[in-house]
Amino acid sequence: MVGPMDTDHVKARLHEAMRRGSHKATEDELAEVAAVVLAIVGEVTLELAAVIAELVERVEVLEARGAEPSPT
């Protein structure tokens with residue numbers, strides 16, 4: 001499992017992978033790039049899940065307020 005992502009490290013790894021020129025990537029190099037990409041996707045998925053959960057909570061609060069009788 002890959003640890004916390006360092007943005008500069010990820011950019012450097014992906015840049016290296018894309019700038020190899022005519023050099024064909026080895027299976028190990030492709031596996032390393034794939035591992036980084038999958039780690040990024042995993043982190044983005046977790047972040048998105050947290051955002052969605054927070055939005056659900058906010059909507060529930062707003063709906064609960066809308067169901068309350070107005071103080072008139």
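I am working on a predicted model, where local features need pLDDT of at least 70, side-chain atom pairs count only at pLDDT 80 or more, and totals for chains, interfaces and linings use all residues. Numbering runs from 1 along each chain as its sequence is written, and side-chain values use heavy atoms, without hydrogens and water.

**Helices.** I looked up α1 (residues 7-18) against α2. Their axes come within 10 Å and cross at roughly 140°. I therefore log α1 as oblique to α2 (under 35 degrees is roughly parallel, over 145 roughly antiparallel, 65 to 115 roughly perpendicular, the rest oblique). The crossing of α1 past α2 is left-handed (the near helix is turned anticlockwise from the far one by less than a right angle). Helices here are DSSP runs of H or I, at least four residues.

**Salt bridge.** I searched the whole structure and got one (a Lys or Arg side-chain nitrogen within 4 Å of an Asp or Glu carboxyl oxygen). Arg-58 pairs with Glu-54, with the closest N and O atoms 2.6 Å apart. Both sit in helix α2, four residues apart, so about one helical turn separates them. Glu-54 is partly exposed at 40% relative accessible area (buried is under 20%, exposed over 50%, partly exposed in between, with a 1.4 Å probe and protein chains only).

**Patch.** I noted a nonpolar surface patch of Leu-48, Val-51, Ile-52, Leu-55 and Val-56. Together they have about 430 Å² of accessible area (members have over 30% relative accessible area and no salt bridge, and nonpolar side chains are joined within 5 Å; areas are Shrake-Rupley, 1.4 Å probe). Val-56 lies in helix α2 (residues 27-67). At 40% relative accessibility, Val-56 is partly exposed.

How values were computed: Patches are made of residues with over 30% relative accessible area and no salt bridge: like charges are joined within 9 Å, nonpolar side chains (Val, Leu, Ile, Met, Phe, Trp, Tyr) within 5 Å. Helices (H or I, at least four residues) and strands (E, at least two) are DSSP runs, numbered from the N terminus. Axes are lines fitted to C-alpha atoms, for helices over the stretch in contact, and angles run from 0 to 180 degrees between N-to-C directions.
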